[in-house]
Amino acid sequence: MLQNRPVFDEEHALLRESVRRFAAANIQPHFQEWEKAGIIDRALWPAAGEAGLLCPQVPEQYGGIGGDFRHNAVVIEELAYSGFAGPATDFSVHSDVCCGYLLHYGTEEQKKKWLPRMVAGETVCAIAMTEPGTGSDLQGIRTRAVREGDEYVISGQKTFISNGQMCDLVILVVRTNPDGGSRGMSLVLVETERAGFRHGRNLDKLGHLSSDTSELFFDQVRVPIENVLGSEGGAMAALMSELPQERLTIALHSIAAAQKAFDITKDYVGERKAFGQPIGTFQNTRFRLADLKADLAVGWAYVDQCLRDHVRGELTTYAASTAKLWTTEMHGRLVDQCLQFFGGYGFMREYEICRLFADARVLRIYGGTSEIMRELISRNL
């Protein structure tokens, strides 16, 4: 990881060391087992909460440490650099995505009820937007919430939901007005213990194997109207407000994982020999690594700029979209080239570069595909 990044201070350096120790003690010994199982151990959540890794931006009055998003960034980067993409994704969805909606749109009662539990790892949160056949087209969602007295009755299904097997609480995007267009959608908190809710299958993925990614089903699930997050009909405005942070989160994950792929490859080409000499001594190898190092330097500089702007409340949709587009596309090119240096061994899952290659692919898809990022950027040309 890069040193001397002005966006961080000594407090963040101490947190960084704490995250590294946590990963070494609590994730590394079990990681391969969790990859095979397709889900992390539930005990990791309260352990992460006790270590201060969950929702560090939550104010002290709700059980948090009262940090800013730079604290979140440290956790994201260190878990991504560790190579443990599954736990990194699960924690990030909970802390960096779901938590923001409760902080910014929750009532005081909702905050007092849920935030301390999320900080402690007692409640695992998921956000459910995507549906079969809709992909990035949020206005095409069909999951509906029909008002009956003081309750909503929710029916529909979601897919590709991170924390989908583990979650206790779902921030659900539903249609509350069938004729309201983008203003007919709302965010509703759904506790997974409610009758009619069902966890679907844990999906079999290319990468991020230990992250539980699932289908969710809602069959006449009744929730009180007090479970609306924000205002009825306000989902699209809330989503548009929170998505820049989600995309910055993905950019941070991507650049850190790319750095890890580069670092292990740089070491490997110094050891692997061909034609009687290390392949790192060949001009082709040195020049290609030089290009990758330059890409990383540019990526880190821009991501840090976006992080600084976000802490100041100045991060724009266009800047966040640019960060996600550039870092994830660069990450894909970089890890592909790095795997190539490993030759046939790079194709074997026992080599870390193989897992890093597989884990990188989804970053160009979730949180808005590269094509959606280009569309958003092009609107500001």
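In the predicted model, the lining of the largest cavity is made up, by class, of six nonpolar, four polar and one charged residues. The residues in question are A80, G83, A85, H208, H253, A257, H331, L356, D359, A360 and L363. Two elements, α7 (235–269) and α10 (352–360), each give two or more residues to this lining. The largest share comes from α10, with three residues. In terms of domains, at least three lining residues are drawn from each of domain 1 (10–124) and domain 3 (236–379). The volume of the largest cavity is about 60 Å³.

In total, two cavities of 30 Å³ or more are found in the structure. The second largest cavity holds about 50 Å³ of space. Its lining consists of L53, P56, N72, V75, I76, A88, F91, S92, S95 and D96. Here the elements that supply two or more residues are α4 (69–82) and α5 (85–105). Five residues come from α5, which is the largest share of the lining of the second largest cavity. By class, this lining has six nonpolar, three polar and one charged residues.

The two linings can be set side by side. Six nonpolar residues and one charged residue occur in the lining of the largest cavity, and six nonpolar residues and one charged residue also occur in that of the second largest cavity. The polar residues number four in the largest cavity and three in the second largest cavity. As for the elements with the largest share, α10 gives three residues to the largest cavity, while α5 gives five to the second largest cavity.

Key. Residues are numbered from 1 along each chain as its sequence is written. This is a predicted model: local features need pLDDT of at least 70, side-chain atom pairs count only at pLDDT 80 or more; totals for chains, interfaces and linings use all residues. Side-chain values use heavy atoms; hydrogens and water are left out. On a 1 Å grid over the protein atoms alone, a cavity is a set of points where a 1.4 Å probe fits but cannot get out, and a pocket is an open set with protein on both sides within 12 Å along at least five of seven lines; lining residues have an atom within 4 Å of a point. Grid points are joined across faces, edges and corners, and a volume is the space filled by probe spheres set on the points. Helices (H or I, at least four residues) and strands (E, at least two) are DSSP runs, numbered from the N terminus. Ala, Val, Leu, Ile, Met, Phe, Trp, Tyr, Cys and Pro count as nonpolar, Asp, Glu, Lys and Arg as charged, and the others, Gly among them, as polar. Domain bounds come from an automatic or database domain assignment.
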